[in-house]
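Hi everyone, thanks for coming. Let me put the structure up, and then we'll walk through a few spots together.

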Amino acid sequence: MPASDPARRVAELRTLLDRANRAYYVDAAPIMSDGEFDRLLVELARLEQAHPELDDPASPTRRVGGEPIEGFVTRAHARPMLSIDNTYDESDLRAWCRRCAAGLTRTGGLFGAGEALAFAADPKVDGVALSVRYEQGRLAHALTRGDGAKGDDVTHAARTIRALPMRLEGNAPEVLEVRGEVFIPTAEFERINAERESEGEDLLANPRNACAGTLKNLDPGVAASRRLGFIAHGRGEISDDGFADSHWAYLSRLRLLGVPVSPHAVRCANEDEVVAAITAFNLARRTLDYATDGMVVRVDSFAQQEALGLTAKSPRWAVAYKYPAERKETVLEGVEHFVGKTGKITPRATLRPTPLAGTVVRHATLHNYGRVRDTGTETEGERTGLCLGDTVIVEKAGEIIPQVVQVILARRPRGAAPVAPPDSCPVCRGPLEIEPPEAQQSPTLETARRCINPECPAQVRERLIWFAGRKQMDIEGLGEQTIDQVRAAGLPLNTFADIFHLHRHRAALVEIDRMGERKVDKLLAGIEAAKTRGLARLLAGMGIRYVGDSTAKLLARRFKDLDALLGAEEWQLRPKTLSPTEAESRGLPRDPKERDETGLGQLTAPAVHAYLHSHAARKTFADLRAAGVDLTSRDFAPPGADAPGPLSGKTFVITGTLASFEREALKARLESLGAKVAGSVSSKTSVVVVGENAGSKLDKARELGLETWDEPRLLRELDALDARE
């Protein structure tokens, strides 16, 4: 193509590269080598750089990464991403098939009217679930499963996946949500680990976890460098009701649009064909370049799926058949003892490296020391425990986490020493507590062994990492590596309060290797922002036993600040466990269903109450207060406060950057006023809050003629609502 016509050459290169991606990932019939593909991609990138007027968001060059994003946005799924029940047994699978037939007959639905019941079975790829939304044929956004109702927007990473078309081919519905699995190919996983090993870095545990970490990395260049794959297997929102009437037809339509689906998917006329398909794929899957652990079997007809309906957590019309975990023999070479943030000591086996279910296994969990003593042999029912040098059988639980399941006693070396649990903390040498107490007399009953020294360096490190994590105090820039660097530099970082005093050591932080002024300033800004997270996030971050994220939110809902929580009596932490008489005497409803939920029960509330009033906790809270950490609740809802708020019935969407609010803080504020905060703009949206650098959501709002509030208008409205209260 003449250099004088760059537009035609750019169009030709884009078409050719898109065809190459489809040929490789959809048709499994490559039309060019990787080297040729990369050469053409470089040529296209140079032309686009020289002619910015030819920019196209769907260009193949957009897959190479781009600038890191600042953080994740959570969006609601248009349709929930449900989990699927598992089965491991052929007889259970056949029983499920018959239940589907019986259920359709009972409903008087299509099956009863004469439509044949058929199934579709496709491989269960061991990857990370992703919902990819196309609007007008173009990739709009991609969400992780999250909690099933909402997920994190990882579009920045999804755009780098060459298997995913940026633009659908042919006639696509106005809206098409494709659900599928993202994975790291086995060869790519081995390449990554080989590089990490040569650089002295820790090896990635398995392809699935590595894939999840890749998608959640803020830098899209990481995803681009790992050549992620994608296979579609499900559907979300589809604007065209006539797009497909069955799962099999849906997969066929996706293939025509250029979306990769599994070539191993099959349509089955009856349960015998389902079983035959699962048996056949168990052999074929060992030749694939990605991990699978079963097949998902669905009722094929969408109308029949609708008739069968859902349970509380999963569809009745689908089941995942999981293959038995692969097992291998290897040798137990040693046992390491790890101390977690709560002081719990976990034994981990060091094994002679052995290939297992797609990866080389070098370590395996031993769960706890009671399990170590109670490990069985190859003789059913015989329990012998573990000795160093034992030949053991290891399997992957769910084909993800390796675990030692048996000892081959006949191969035990003469004089082999039993694996001995530590009698003091392996890090600080402090005293241990064994649970349950009866385990002192019957060691096989032991479920946990804990270091009870609150100053244990291992616990301190793990607690700091947890505290700074995204779901807790969300301190950007204070990850595991940074915490280790700061502590290694000799700076004080041993308590939660120390984090909020790091600004005093800015000069020393800048001098740490690979920190620099820009990174340090970003870290300190993240620490300052964390002071305002509120009581629920603080409690969840402290690693208090029995107080996780959900319990912390429930406590923050019932106590307006830390002082109110500390002023509560023990029974107030467990109102649902009170007897009707006791509840009535304390002014609470007799019916437990009418009492407030705190997430704590009869066994857990005393332990939490005792901790909150311990000297260590009191000092921690005092130090945090002195450091300027806000100890009030963002979730407080006093009794009788559940009436509709002033914004009840209104749906808000937030777009762009706001100077006065973090997005999550604004979302919580609007929700506290009764509003629903959605992730995408639609005709049901009441108000779009518009900050700096607003994007396509603002355009959509204008198209639909929706009400928009800029930041000054938002502040005025909130001030007016505050004045009314």
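Let's begin with E446, which counts as buried because its relative accessibility is 3%; buried here means under 20% relative accessible area, exposed over 50%, and partly exposed in between, with a 1.4 Å probe and protein chains only. Before I go on, this is a predicted model, where local features need pLDDT of at least 70, side-chain atom pairs count only at pLDDT 80 or more, and totals for chains, interfaces and linings use all residues. Residues are numbered from 1 along each chain as its sequence is written, and side-chain values use heavy atoms, with hydrogens and water left out.

Back to E446: you'll find E446 in the loop between β18 (432-435) and β19 (448-451), strands being DSSP runs of E, at least two residues, numbered from the N terminus. What does its side chain contact? The side chain of E446 makes a polar contact with that of R449, at 2.8 Å (a pair of N or O atoms within 3.5 Å, one able to donate a hydrogen and the other to accept it; residues adjacent in sequence count only if both atoms are side-chain atoms). V372 is 74 residues from E446 in sequence, yet 9.7 Å away in space, C-alpha to C-alpha.

C268 is buried, at 2% relative accessible area. For C456, the nearest is the sulfur of C425, at 3.8 Å, and C456 is buried too, at 0%.

How values were computed. Helix = DSSP H or I, 4+ residues; strand = E, 2+ residues; numbered from the N terminus. Disulfide = S-S within 2.5 Å.
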